[in-house]
Amino acid sequence: QICNQHNAEAPNLEQAFHRMAQTEPNLDHDISWFLLPSYWAKMAVALISFLCFANSYDGDFVFDDSEAIINNKDLRAETPLGELWHHDFWGSKLSSNTSHKSYRPLTVLTFRINYLFAGGFYPVGFHVINIILHCTISVLMVDVFSILLGGLQFSNKGRRLNLAPKTSLLAALLFAVHPVHTECVAGIVGRADLLCALFFLLSFLGYCKAFRENKEGHNFSIFWVLVSVILGAIAMLCKEQGITILGLNAVFDALVINKLNVLELIQKLLHKDKSLENAGLRKGLLFRATLLMSGGATILYIRWRIMGTGPPAFTEVDNPASFADSLVVRAINYNYYYSLNAWLLLCPWWLCFDWSMGCVPLIKSVSDWRVIALAALWFCLIGLICQALCSEDSHKRRILTLGLGFLIIPFLPASNLFFRVGFVIAERVIYLPSIGYCILFTYGFSLLSKQAKKKKILAVAVFGILLMNVTRCALRSSQWRSEEQLFRSALSVCPLNAKVHYNVGKNLADKGNQSAAIKYYREAVRLNPKYVHAMNNLGNILKERNELQEAEELLSLAVQIQPDFAAAWMNLGIVQNSLRRFEEAEQSYWTAIKHRKKYPDCYYNLGRLYADLNRHIDALNAWRNATVLKPEHSLAWNNMIILLDNTGNLAQAEAVGREALELIPNDHSLMFSLANVLGKSQKYKESEALFLKAIKANPNAASYHGNLAVLYHRWGNLDLAKKHYEVSLKLDPMAPGTKENYNLLRRKLEQLQKKGG
């Protein structure tokens, strides 16, 4: 039905409401809430959503940001843009068996643009874009909710009317300030969800534009339907959930455009009634549904071809329920996960960056009290579904069905129903389903307001919920500013999660607090005795503290549990080398290289082993392999120079040193090593220049001053030699050989003074 309303602003809405009064009830009529013009409503939503997450703008790269951004070569200018279309979200080849198959090239492209504009890995720009995206999405929600709650109506000039300005503003505010969105906004990798949501909503609004000249579904624009399909494809290229908008557009078309009564249609189909035209099943709807399904099938087929191989291989710790032998146990636990997701929407107070590894213990029996949560979830869902299908109120049927549709359909890719996912609960995947929650909450509020005598008290209660959510968002955003705060915040929420303890330990170890890190690593291994990464890191620390026996036991257990764990094999080799079990160490290094062909650090450590065994040629070959795989491997270059120097191959040592400095021109340790070689070759001037350059880069290195003093001593520049000996001894009074050389120089100077006297 086309209204004769010309102006969509709030002051003129009352006339439009009266025109529709005979066909549909108005949700806004009974609620006590703010009535703002469209522009001011959107400004308010934008401002409040900005205030919720503004304090995350200068946060660090945290948690998954390291892998998706800092370690992702697809962000760097030297990686061809075409590679983005063949790699997953983390920069791995999609054809690889280790790939997560998360194909989000458009999201990675925005990260790359961020990186190029910032000139490096500076997190501020990344965070600012995320905040802007969430504000934009929240503003679009005003329009989306006005359609979902108030219906799709246009003026005779083709301008869409907002027939529910109060309820659409409330729903948009609920969405904007929901604390469960913090992970998407404050965590940079959450941009995948934000970009997906942006194009998801644009696809929906584009689909609505197809009916600007509509008369109950007969007239529509094929152009806008196709635009909607393209925007859905773009949403999927940002994150996989985006494809679900095509299904939701079809549901919206059936319920709102064609006013289809689902229950009536089902009854007619069951009774083989041929009068389906009366049930609202029109040719236009079938044609548009065919376009949407064809577009969706084409997109999914292309996605499947690009993916190349089967689904990703996840481990039991990622999603333990999916590995349960019993179908009943799997079904119970999946439904329990759904109830926890629903609870996070209802009460987003306990939030955690990771819900795996024992955070949610498996339900193994129906006698487990947590089964009550499943019963409560399905009691509510069945009640809502019955009302959505059977209510005599068409308005209620439409809103409840749309609310359930937006709650459930975008969640389906994360439900484990079609394929195994790599998580138990992930707050980021609730970003889109929260749209359905906001619809249901707002509709429930309008029903309560209709029954309540003191509507203002109810409005104050809802305002209080919004205020609490704003506070919770600000608090949670501050926790996402640094890894230390983020990981520690999870200890109280998921104390049984081994990964939480592991990450706290890793953060402490990175800061040099090894004693505290050991405590958390031990707890992670206790909670999950097969946690090989915790064993590896704990073994590493124990190795550095010279507790070699326990380190070897942990690392041996890690490679026994996961035989292809290359890092653990290398660390085991280092421990065995320290225990002087050289043959075993060599075998461990080669096993690591077998499982990870391009492993420069392992070649470096293998070279050190060969050097200890005086197998100089093998050592040089191992270090050369390390530098081929990683040209900036300074330690490998240094060891080559030093070994060649010590074995009297000064010409080779000089050539290697010059080659290394061409690749790493600002490395002061390479300058120092090459300067030593040049000094022995009596190239004093060039050696002096390199020593001075190294000292300028690292002025507090006693050995740099000491060796420069030796150069001056040989060169006959005794005053400068004396000066640098004294600086070296001041920096390190126990510097080996320096005191003896200094004493020799002093005696020589004294002799010269006597001769001069």
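L170 is in contact (heavy atoms within 4.5 Å) with W33, T442, F445, V462 and L466, leaving aside its neighbours within four places in sequence. This residue lies in helix α6 (residues 165-176). Helices (H or I, at least four residues) and strands (E, at least two) are DSSP runs, numbered from the N terminus. L170 has 0% relative accessibility and therefore counts as buried. Buried means under 20% relative accessible area, exposed over 50%, and partly exposed in between (1.4 Å probe, protein chains only). L170 and D618 are 448 residues apart in sequence; their C-alpha atoms are 71 Å apart in space.

The model is predicted: local features need pLDDT of at least 70, side-chain atom pairs count only at pLDDT 80 or more, and totals for chains, interfaces and linings use all residues. Residues are numbered from 1 along each chain as its sequence is written, and side-chain values use heavy atoms, with hydrogens and water left out.

The chain has 757 residues, and 53% of them are buried. It holds 33 helices and two strands. Taken along the principal axes, its C-alpha atoms fill a box of roughly 120 × 55 × 50 Å. Of the contacts between residues at least 6 apart in sequence, 66% join residues at least 24 apart.

Two helix pairs were examined. Axes are lines fitted to C-alpha atoms, for helices over the stretch in contact, and angles run from 0 to 180 degrees between N-to-C directions. Helix α4 (residues 105-118) packs on helix α5 (residues 123-150) at about 135 degrees, with the axes 9 Å apart. The angle therefore makes α4 oblique to α5. Angles under 35 degrees count as roughly parallel, over 145 as roughly antiparallel, 65 to 115 as roughly perpendicular and the rest as oblique. From α4, the contact uses F111, N114 and Y115; from α5, it uses G125, F126 and I129. Four of these residues are nonpolar, two are polar and none is charged. Ala, Val, Leu, Ile, Met, Phe, Trp, Tyr, Cys and Pro count as nonpolar, Asp, Glu, Lys and Arg as charged, and the others, Gly among them, as polar.

The second pair is helix α17 (residues 455-479) with helix α18 (residues 483-493). Their axes are 7 Å apart and the angle is about 120 degrees. α17 is therefore oblique to α18. On the α17 side, R476, S478 and Q479 meet Q485, L486 and S489 of α18. By class, this contact of α17 with α18 has one nonpolar, four polar and one charged residues.

Helix α12 (residues 283-307) has 25 residues. From first C-alpha to last it reaches 36 Å, close to the 36 Å expected at 1.5 Å a residue. The expected span is 1.5 Å times one less than the number of residues. Buried residues of α12 are G284, L285, R288, A289, L292, G295, G296, I299, R303 and M307. Their cover includes α8 (191-209), α9 (222-238) and α10 (244-257).

Helix α19 (residues 498-510) contains K499. N503 is also found in α19. K499 counts as buried because its relative accessibility is 18%. N503, at 9%, likewise counts as buried. Not counting residues up to four places away in sequence, K499 touches D354, S356, M357 and Y531. With neighbours within four places in sequence left aside, N503 is in contact with F63, F353 and F487.
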